[in-house]
Amino acid sequence: MTKKRKHQEDFQKVKLKVGKKKPKLENATDTTFKTKAIQIPEQLKEDGVLPTQNRKLNIKDLLSQMHHYSPGVKHNALLGLKDLLSQYPFVIDAHLSNIISEVAAVFTDKDSGVRGAAVHLLQFLASKIRAEQIAPFFPLVSAHLSSAMTHISEGIQEDSLKVLDVLLEAYPALLTDRSSILLKNFVELISHQQLSKRLKSREKLSWMLSVNPNRRVTSQQWRLNVLTRLKKFLQAVVDGSSEIEDEGLQEQKDSPHSVRNPVCISWKVHANNQQHIQLFENGGLRPKINSSFRLRSLASVMDSAEKGLSSAENLKGFIEIIIPLLIECWIEASPAQSAPILGNLLESESQQLMQQVLSIIHLLWKLTKRHDETYKMELWLRMNYLVDFKHHFMRHFPYSLQETVKHKKKDSCKGNKYCMTSSNSVDHLLLNLTLCDIMVSLASTSTLQMDSGWLDMIRKFVTDTLQDGSKLNSKQVNRLLGVTWRLMQIQQNKVATEPLIKAVYTLYQQRNLLFPVRTLLLKFFSRVYQKEDLRTQRIRSRSKVLSRWLAGLPQQLALLGLRNPELSNQLIDIIHSAASRSNKELLQSLQATAARIYDPLDGALVLLPAEAQRRLVQLVYFLPCLPAPLLACLSRCCIMGRVSSELAATLIGILHMRSSFAGWKCQVQDNSVNDVDYFSFLFSTLIGFSREELTSLQGIRGKPHISQTQLSPVRLYLTDLDQFLHHWAVTEMICHSLSTVPSQSQCFDILQTGICKYLVGLVVIPDSTAGSVLCAINKLLDQACILSENLHKFLASCCYSLLYFLLTLDKEDAEHVQKRDVLWGSCISALALLPRLLRLMLQSLQVSRICREELPVVAQLLRLLMQHGQLRSHMITNEFLVQQIIKDIMTLKSGEVQEQWLTDLHYCFNIYLASHPQGPGPINAVY
């Protein structure tokens with residue numbers, strides 16, 4: 001035992017005790033190390049807490065769940081994404097790439113619930129993301145869409161159409177850029193390829209409609225769903241092509257109402273070389289640039305497959321594939337040949353399918369029109385498809401809708417539970433119109449004899465529809481007028497076109513038509529008229545219906561008035577176009593209706609907006625004659641302020657050009673404007689008030705409307721500023737017209753007679769009328785003119801009344817202060833031109849008859865007259881009168897303290913009159 005223990009001492013076992021630290025081994029490795037943190041503040045900010053939804057999941061968590069194997073998790077992730085992005089829209093921009101890629105990836109998910117949630121999320125995102133934002137990621141979206149459309153699963157194919165609806169609604173331009181791939185997908189959705197038995201080689205494959213019994217819907221309903229999307233897709237392609245005309249008559253290249261950007265030219269300013277008009281060599285909507293250099297188009301370096309339907313070759317290839325399939329769909333949906341009782345009645349689903357077939361063909365036809373060699377495409381279409389179209393499409397034309405009416409208790413069809421009825425509603429009309437549009441595009445003047453059979457069917461249908469078209473909407477009328485126009489171009493003789501125009505006129509005459517419908521009809525008639533007017537050598541073949549339509553336009557304008565300004569503008573444009581072409585029927589009707597159109601109270605001229613007023617004023621130039629009642633209406637329109645002063649000046653200028661005083665070298669229309677009536681118009685417009693209005697003013701007394709003085713028998717009626725400025729602007733144009741009359745003395749005698757007859761003797765006269773009369777006298781007066789004594793006294797009274805009004809005007813009265821310059825200038829000019837007028841005014845200053853408050857005004861007036869340079873010599877001539885007036889004033893003020901105004905009057909008299917300075921002095925009065 002002892003030896004054994006000694007042997008074990010070399011390897012003694014260390015006994016560990018609880019709670020004691022284990023000793024370190026001698027060969028233990030020291031694993032301790034020290035670290036220091038690196039702090040980046042910006043990185044710490046960016047690593048903040050991301051926004052979460054109600055389940056406390058952020059955007060990264062939700063996107064990561066999109067890869068989960070469980071459909072429920074992916075479905076909840078999509079719902080969570082929509083919830084999160086609706087609460088925090090800014091997250092979309094930060095994670096747009098990841099969101100788009102993950103959502104697009106589940107287009108082909110096996111679970112229908114996941115696909116449905118993806119469609120709803122995509123629809124939500126489409127309303128938040130702009131096209132330019134999603135454009136970089138759209139190839140990925142398009143690739144997933146193509147994968148879904150060509151998937152082997154029927155459910156995925158059906159949901160792919162829902163995705164397509166969202167993208168077509170939100171991003172049509174981006175989707176149509178990849179048309180070459182998507183069009184093939186559309187074909188594969190309803191058909192499959194097979195080797196043609198007629199061809200020995202396997203180079204060309206034909207397509208035939210496919211039937212899949214595993215679908216949840218019938219084959220016809222599935223094709224309807226696919227063709228509906230194909231029609232929307234082609235419509236987006238057509239809308240993206242700016243060179244293609246819109247269907248019907250809305251945007252024709254030669255439309256008379258196409259929008260232009262007019263150049264506004266003021267001929268008065270241009271005549272004075274104050275306005276420069278720049279002319280461009282290559283102007284117009286489509287300039288033709290003659291250059292030997294051409295920039296390479298990006299489309300030229302693209303592969304033909306990438307061009308899509310923008311390539312004529314690709315378009316022709318797609319037409320060759322899709323047209324036979326569409327014809328097969330038509331055959332399946334068309335009325336059964338073995339059911340003669342039904343005739344051409346269609347069930348609702350069949351009618352929808354046939355409508356989509358025709359709409360697709362119509363859009364393809366429109367796409368062919370944008371290529372340069374359009375006539376070759378039309379010839380190719382006619383050669384390949386006219387026979388099939390006549391056989392299948394025109395066989396049961398026209399088509400009507402078959403309705404199933406549910407059984408009622410008191411039904412006239414007692415023995416039948418269901419009763420078949422033919423609906424005359426507008427539901428089936430679009431089908432027939434689209435078919436007509438397609439067929440007439442394949443016809444031409446050269447093929448008229450071969451196509452006469454089915455063209456007569458279309459012509460009869462169009463005529464009947466127009467004659468009973470009170471319930472048509474604008475889209476149907478637009479398509480109907482497009483077919484009518486094409487028929488008129490194919491057969492241009494009067495025998496064929498007159499019934500069509502008459503049918504359109506029957507529709508036009510119906511009441512309560514919608515505004516878009518009425519607009520389309522007006523554009524159609526205007527286009528037909530302009531087309532007919534180009535054939536001037538065929539005057540005898542002019543349409544009577546068209547002449548009747550033109551003759552009714554002025555009356556319609558007079559009745560319409562302000563009820564529809566847009567329609568009134570269109571009527572005015574057409575009337576102006578026909579009047580400028582000297583259409584006899586329209587000018588006669590316009591002459592008969594002119595008094596109602598230019599009525600100063602409720603005529604179209606005073607009711608419509610400014611631009612329409614301008615066009616109506618221009619129409620005055622084309623009127624055959626201008627009788628006195630019409631000129632009276634035009635005068636009232638000028639002076640009532642219902643038209644602008646610039647437009648009134650334009651009207652006065654037009655009447656001057658129509659008068660015998662315009663100075664035409666060539667002979668103008670005889671008796672278009674009588675000289676007496678013309679001078680009556682000028683005088684009435686110069687006065688600015690009618691006889692009835694002047695009579696009513698005589699009973700007004702006292703302030704603030706009347707300015708009166710005891711030294712003048714004329715009292716002034718104070719007009720408001722707007723009326724005064726308008727009247728004065730018209731007065732300047734009237735004076736210009738009067739000054740152009742060759743015999744100025746005779747013109748002055750006429751003006752003098754009018755003033756003495758209608759104004760002399762009135763107690764109250766408007767201030768603008770008094771100023772206008774003085775302005776006209778100053779303009780026309782020359783050495784050969786002799787004024788009567790009554791006119792001298794009347795003008796002297798007007799001058800003093802105006803001067804008294806200006807001198808007693810309160811400076812704070814801003815409205816009347818602006819009248820000062822023009823009225824003061826007219827009075828001073830008249831007193832300077834007529835020395836006797838100044839003497840009569842001074843003689844009327846009998847200060848003994850006035851009150852003491854008016855004495856300072858008389859003294860101020862004398863001072864200003866003496867200081868004025870133009871009146872200096874006349875005042876010297878009347879020195880005795882002035883001196884006598886001053887003595888009378890001194891007599892009245894004797895015994896009182898001499899005021900400053902009296903001192904100033906003595907000073908001016910001594911300076912300007914008592915010393916008799918020679919010639920006009922340099923001092924001019926400023927009141």
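Predicted model: local features only at pLDDT ≥ 70, side-chain atom pairs only at ≥ 80, totals over all residues.

Author: Residues are numbered from 1 along each chain as its sequence is written, and side-chain values use heavy atoms, with hydrogens and water left out.

Reader: How many disulfides does a search of the whole structure find?

Author: A disulfide is taken here as a pair of cysteine sulfur atoms within 2.5 Å. The cysteine sulfur nearest to that of Cys775 belongs to Cys735 and is 3.8 Å away, and Cys775 is in no disulfide. For the whole structure, the number of disulfides found is zero.

Reader: Is Cys775 buried or exposed?

Author: Buried means under 20% relative accessible area, exposed over 50%, and partly exposed in between, with a 1.4 Å probe and protein chains only. Because its relative accessibility is 18%, Cys775 counts as buried.

Reader: Which kind of aromatic pair do Phe186 and Phe233 form?

Author: Rings of Phe, Tyr and Trp (its six-membered ring) pair if their centres lie within 6.5 Å, and planes under 30 degrees apart count as stacked, over 60 as edge-to-face and the rest as tilted. The centres of Phe186 and Phe233 are 5.8 Å apart, with 50° between the planes, and the pair is tilted.

Reader: What kind of pair do the rings of Tyr621 and Phe622 make?

Author: Tyr621 is partly exposed at 38% relative accessibility, and Phe622 is partly exposed at 21%. Their ring centres are 5.6 Å apart and their planes lie at 85°, so the pair is edge-to-face.
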